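Good morning, and thank you for coming. I shall present one structure today, and I ask you to keep the display in view as I speak.

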Amino acid sequence: MKLKELESHLQQVETFPDPKLHLEQYITTPHLASQIAFNIDKIYDDISGKKMCEFGIGTGMLTIACSFFEPAYSLGVDIDNDALAICQKNLEFFEFDNPVDLLQADVKQFLNKENSFDKFINYFDTCVMNPPFGTKNQKLETNEKQYGIDIQFLMIASEFCAGSIYSLHKSVTRDYLKKKAKQWNMKMEIVSELKYNIPKVENRNKKLFKESKEKDIAVDFVRFPQFIKQYD
């Protein structure tokens with residue numbers, strides 16, 4: 001499939017009608033999603049025939065983009081039932097032959113070893129995700145330490161994924177991510193530098209949005225070819 005053809009198909013994906021700001025439900029555009037999926041498949045051969053997962057699947061844009069390249073199986077996880085309902089509707093519209101399961105869960109559940117998600121440990125070949133942009137200013141407690149929400153997503157992906165992890169992060173956090181990757185004995189590769197559109201919002205949460213006007217921010221499309229071995 002050609003890149004422009006993929007982007008055209010993704011124009012039909014239904015997105016958030018009313019994004020929930022506290023969940024940072026930014027829309028992954030068809031242009032961005034098509035670029036990501038195309039690169040993962042054509043450059044790294046990490047989609048076709050692979051078992052895939054996505055944390056924070058939202059309405060399904062990234063997983064749907066990847067599904068055009070025929071993964072063996074996909075699992076999408078999100079905390080928001082409303083987003084998952086739209087995602088299910090989108091998947092039914094496209095009628096992919098490859099199976100896609102959806103799971104409603106909070107990321108914190110996967111970091112709690114008391115929960116029964118052991119069957120997913122190292123089960124997936126590839127993980128792709130667009131986590132909330134909260135590297136330093138959104139913190140959740142994990143094993144008596146604090147990590148940004150996007151770092152938690154990486155930690156979870158490393159538990160579930162035995163292969164490569166693909167993730168989007170603000171470019172201004174690049175040095176921070178490199179530091180964490182080095183601490184975790186994990187390789188990190190910047191695949192490309194992209195622009196991410198943050199739309200104008202009304203009645204915004206001031207902790208998450210400092211400006212109301214629409215803006216583009218620089219983001220890194222990052223590949224972690226080795227999963228995290230330890231958390232220091």
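Predicted model: local features only at pLDDT ≥ 70, side-chain atom pairs only at ≥ 80, totals over all residues.

In which helix does Ala37 lie? Ala37 belongs to helix 2, residues 30–44; helices here are DSSP runs of H or I with at least four residues, strands are runs of E with at least two, and both are numbered from the N terminus. Residues are numbered from 1 along each chain as its sequence is written, and side-chain values use heavy atoms, with hydrogens and water left out.

Let me begin with the overall picture. The protein chain has 7 helices and 9 strands. Of its 232 residues, 50% count as buried, where buried means under 20% relative accessible area, exposed over 50%, and partly exposed in between, with a 1.4 Å probe and protein chains only. Contact means heavy atoms within 4.5 Å. Among contacts with a separation of 6 or more, 73% are between residues 24 or more positions apart.

I return to Ala37. Is this residue buried or exposed? Ala37 counts as buried because its relative accessibility is 0%. Setting aside residues up to four places away in sequence, Ala37 touches Leu6, Ile47, Ala65, Cys66 and Phe69. Ala37 and Val128 are 91 residues apart in sequence, yet 8.8 Å apart in space, C-alpha to C-alpha.

Next, the interior. In soluble globular proteins, nonpolar side chains tend to be buried together. A nonpolar core is a set of buried Ala, Val, Leu, Ile, Met, Phe, Trp, Tyr and Cys residues joined through side-chain atoms within 4.5 Å. The largest such core has 35 residues, of which Leu10, Ile36, Ile64, Val128, Leu168 and Tyr196 touch the most other members. Elements giving two or more residues to this core include helix 1 (3–10), helix 4 (81–94) and strand 9 (215–224). Helix 2 gives the most, with 6 residues. Leu10 is in contact with Pro30, Ala33, Ser34, Met61, Ile64, Ala65 and Phe68, leaving aside neighbours within four places in sequence. A second, separate core of 30 residues includes Ala105, Val107, Phe124 and Ile151.

Strand 9 deserves a word of its own. Of its 10 residues, 7 are buried, and the strand is mostly covered. Strand 7 and strand 9 run antiparallel and are joined by 6 bridges; two strands pair if DSSP finds at least two bridges between them. Lys170 stands opposite Val219 in strand 9.

Finally, the open space. A pocket is an open set of points on a 1 Å grid over the protein atoms alone, with protein on both sides within 12 Å along at least five of seven lines; lining residues have an atom within 4 Å of a point. How much space lies in the largest pocket? The volume is about 620 Å³, taken as the space filled by probe spheres set on the points, which are joined across faces, edges and corners. Its lining has 33 residues, with Leu23, Gly56, Asp78, Pro132 and Phe153 nearest the centre. Helix 3 (61–67) and helix 6 (149–160) are among the elements that each supply at least two lining residues.

Terms used:
1 Å grid on protein atoms, 1.4 Å probe; cavity = no way out; pocket = protein on both sides within 12 Å on 5 of 7 lines; lining within 4 Å.
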